[in-house]
Amino acid sequence: MKVCIFGAGAIGGYLGVQLAQAGADVSLVARGGHLEAMQTNGVKLLINGEERVAKVRATDDPRELGPQDYVIIALKGHSVPGVVQQMRPLLGNDTSVVTAVNGVPYWYFYKHGGALENRTLATIDPGAKQWEVLRPERAIGCIVYPATEVVAPGVIQHIYGDKFPLGEPSGEITPRVTALSQMMEKGGLRAPVMTNIRDELWLKLWGNLCFNPISALTHATLDLIAADPGTRAVAKAMMLEAKAIAERIGVNFRVDVERRINGAGAVGAHKTSMLQDLERDRPMEIDPLVSVVQEMGQMLDMPTPTLDVVLALVRQRAAMAGLGGILANPPLTAADLEPQKKAAVH
């Protein structure tokens with residue numbers, strides 16, 4: 001099984017080591033000092049008190065790798081449109097594309113049914129580049145729950161979690177998703193195959209769409225946002241607006257809004273990924289986590305008043321920090337493929 005991980009930072013590197021240990025033919029796409037370290041020393045994973053090293057091919061030029069069985073995209077969602085053309089050499093007739101990204105993926109309305117069948121989303125896939133090049137029929141959904149950290153170039157520290165739910169957009173249990181699940185399980189990862197991956201996607205997105213922008217605006221950690229009556233009320237209002245949209249398009253939530261907020265608060269004094277990016281002067285995942293929900297609401301003629309206000313504020317916050325401005329999908333830079341300090345899951 002040939003697997004290329006495009007964006008071998010904290011999560012991508014973790015996946016790469018575990019899959020290589022399972023016997024997959026793994027290659028990594030990265031840049032900068034992280035790439036150089038992996039080329040020289042292999043990828044080092046610190047996990048459960050031990051060091052695991054995987055000597056795999058690492059490059060910044062996908063043309064060196066050729067067509068793959070699976071391409072796992074482990075980038076920030078807003079970075080993906082800028083690198084779609086670079087992925088072409090990895091795509092063969094039978095290549096599957098695994099979207100291990102936060103937020104809503106480009107294939108969301110493929111095999112969805114209903115009035116929005118095959119609709120594309122401009123906020124996450126401007127010009128439908130991903131839909132055209134990666135193609136929706138190649139897509140396998142993947143939800144990322146672990147947290148990992150790059151502690152030095154080429155060295156990844158596993159913090160917690162090992163679960164990567166997988167699912168076909170159609171909900172079918174296909175040979176390709178089963179084979180990937182089995183390889184990941186062999187590598188010590190939990191990769192259950194879901195018959196409705198969109199439900200799992202929304203469960204994670206539900207918290208991300210409110211806690212991330214609120215934290216970027218206030219610099220508060222999850223516990224403070226959930227405990228403060230004012231910010232808790234804002235988060236709840238955003239979540240209820242999003243829930244109404246999601247339920248309109250067939251999503252089922254297995255927990256209620258209070259339990260979801262309490263679960264985020266229980267994580268403790270944790271900085272969201274959006275706040276971490278702001279503090280490091282990196283573009284924030286505004287479009288994949290927030291703008292796309294507003295766009296879905298507009299498609300359905302459903303209002304999102306609280307989300308609209310918070311989105312306008314966080315967009316301006318990004319613009320004032322010089323992080324891509326409003327509704328920006330900036331081209332990939334070297335920093336995008338270099339490791340993220342921590343892959344936050346809330």
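Which residues are buried in α4? I noted first that this is a predicted model. Then I listed Val177, Leu180, Ser181, Met183 and Met184 as the buried ones in α4. I counted a residue as buried under 20% relative accessible area. These residues cover an arc of only 165° around the axis, so they lie on the same side of α4. I turned to the other side of α4 and found Pro175, Gln182 and Lys186 exposed.

Next I asked what covers the buried residues of α4. My list includes α1 (10–21), β6 (68–73), β7 (91–99), β8 (139–142) and β11 (166–167).

Helix α4 has 12 residues, 175–186. At 1.5 Å a residue, it should span 16 Å. Its end C-alpha atoms are 16 Å apart, which agrees. Just after α4, I found glycine 188 with a positive phi of about 85°.

Then I moved to the sheet. In what order do its seven strands stand? I read the order as β5-β2-β1-β6-β7-β8-β11. The sheet is open, and its pairing is mixed. I reminded myself that strands of a sheet pair through backbone hydrogen bonds, either parallel or antiparallel.

I looked at the edges, where β5 (57–59) and β11 stand. Each has a single partner strand, so one side of each is left without a neighbour in the sheet.

Last, I followed β2 (residues 25–29) to β5. The two run parallel, and three bridges join them. Leucine 28 stands opposite alanine 58 in β5.

Technical notes: Residues are numbered from 1 along each chain as its sequence is written. This is a predicted model: local features need pLDDT of at least 70, side-chain atom pairs count only at pLDDT 80 or more; totals for chains, interfaces and linings use all residues. Side-chain values use heavy atoms; hydrogens and water are left out. Helices (H or I, at least four residues) and strands (E, at least two) are DSSP runs, numbered from the N terminus. The expected span of a helix is 1.5 Å times one less than its number of residues. Buried means under 20% relative accessible area, exposed over 50%, partly exposed in between (1.4 Å probe, protein chains only). The arc is that of the directions from the helix axis to the C-beta atoms. Contact means heavy atoms within 4.5 Å. Two strands pair if DSSP finds at least two bridges between them.
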